Amino acid sequence: MSLSEVIYLGQKILLFKTPAKIVDEINLTYDNNIKELKKHNHALAGKIVDEHKIDDKLSNEVKGYFRSCFMTYLMHCKIIYNLNLTSAWVNEMKANEYNPMHHHTGKQSFLGLSSVMMLKKPETYGEEYSRKENPANGQLEFNGNGGGMFSHNQCKINIKVGDLLIFPYDLKHGVYPFHGTTQCRRTISYNCDLS
């Protein structure tokens, strides 16, 4: 007997490697505009002090990059929708802050895609208190909506600077706290409604 096909039942997460030029531009935009950026905590699940909306400060080149990655996701899934970039924000996590498990919603649609891009990362997330072979400090975790025996519906990812993950709104995700550093963990998220 030989295996002829594998059928995957579940949602997809696509990982993109972002050019350093885009990452540097987003960081510079954030750093240069931090004093005038609106706090976004009221709309987010995070237990993070510094969460700011940034979409109106991003260049057309940066918005175009996100749009093309969202379009690639749709093409990879072989589905056709209109894209509407709706909201981008920066999470700047410090030691002991965290982002509990949550999902995203859109402004005009329940159907959409979200993203997380790593902009800055501490040199250390601190010592793991136990199970050092299975680290969690500072890691992004996804919990899939499927389940059942032999399914794999949980995934921790230690994303690197420049990594961009795109996933459906209803895919639950969160970030574990870290400690042992004064450096921040900075990410940008962008939501994209589909119609």
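Visitor: Which residue is the bridge partner of Lys120 in S10?

Guide: The bridge partner of Lys120 in S10 is Arg186. Please keep in mind that this is a predicted model.

Visitor: How many bridges are there between S5 and S10?

Guide: There are five bridges between S5 and S10, and the two strands pair in the antiparallel sense.

Visitor: And how many join S5 to S8?

Guide: Five bridges join S5 to S8, and these strands also run antiparallel. Within S8, Pro168 stands opposite Leu113.

Visitor: How many residues of S5 are buried?

Guide: Eight of the nine residues of S5 are buried, so the strand is mostly covered.

Visitor: In what order do the strands of that sheet come?

Guide: Six strands form an open sheet, and their order is S1-S8-S5-S10-S3-S2. The pairing is antiparallel.

Visitor: Which strands stand at the edges?

Guide: The edges are held by S1 and strand S2 (50-53). Each of these has a single partner strand, so one side of each lacks a neighbour in the sheet.

Visitor: By how many degrees are neighbouring strands turned against each other?

Guide: On average, neighbouring strands of this sheet are turned by 20° against each other, with direction ignored.

Visitor: What holds strands of a sheet together, in general?

Guide: Strands of a sheet pair through backbone hydrogen bonds, and the pairing may be parallel or antiparallel.

Visitor: Back to this model: how many bridges are there between S3 and S10?

Guide: S3 and S10 pair over 10 bridges in the antiparallel sense. One example is Leu85, whose bridge partner in S10 is Cys192.

Visitor: New topic. Which four strands form the other open sheet, and in what order?

Guide: The order is S4-S9-S6-S7, and the pairing is antiparallel. Strand S4 (99-102) and strand S7 (154-157) are the edge strands, each pairing on one side only. The twist from one strand to the next averages 15°.

Visitor: How many bridges join S6 to S7?

Guide: Four bridges join strand S6 (residues 140-143) to S7, and the two run antiparallel. Leu140 stands opposite Ile157 in S7.

Visitor: What about the loop between S6 and S7: is Asn145 buried, exposed or partly exposed?

Guide: Asn145 is found in the loop between S6 and S7. Its relative accessibility is 45%, so Asn145 counts as partly exposed. The C-alpha atoms of Asn145 and His179 are separated by 30 Å, and these residues are 34 residues apart along the chain.

Visitor: What do nonpolar side chains tend to do, as a rule?

Guide: In soluble globular proteins, nonpolar side chains tend to be buried together.

Visitor: Why does Cys69 count as buried?

Guide: Cys69 has a relative accessible area of 4%, and buried means under 20%, so Cys69 counts as buried. Cys69 is placed in helix H2. Cys69 and Leu165 are 96 residues apart in sequence and 9.4 Å apart in space, C-alpha to C-alpha.

Visitor: Now the surface. Which residues form a nonpolar patch there?

Guide: Ile79, Tyr81 and Leu111 form a nonpolar patch on the surface, and together they have about 230 Å² of accessible area. Tyr81 is found in the loop between helix H2 (60-77) and strand S3 (83-93). With a relative accessible area of 32%, Tyr81 is partly exposed.

Visitor: Where does Lys78 lie, then?

Guide: Lys78 lies in the loop between H2 and S3. Lys78 is exposed, with a relative accessible area of 75%. Its phi is near 60°, a positive value in a residue other than glycine.

Visitor: What is the phi of Asn96?

Guide: Asn96 has a positive phi of about 75°, although Asn96 is not a glycine. This residue is placed in the loop between S3 and S4. At 57% relative accessibility, Asn96 counts as exposed.

Key:
Residues numbered from 1 in each chain as written. Predicted model: local features only at pLDDT ≥ 70, side-chain atom pairs only at ≥ 80, totals over all residues. Heavy atoms only, no water. Patch = residues over 30% accessible without salt bridge, like charges linked within 9 Å, V, L, I, M, F, W, Y side chains within 5 Å. Areas by Shrake-Rupley, 256 points an atom, 1.4 Å probe, with all protein chains shown as cover. Salt bridge = Lys/Arg side-chain N within 4 Å of Asp/Glu carboxyl O. Buried < 20%, exposed > 50% of the residue type's maximum accessible area, 1.4 Å probe, protein only. Pairing = 2+ DSSP bridges. Axes fitted to C-alpha atoms, helices over the stretch in contact; angles between N-to-C directions.
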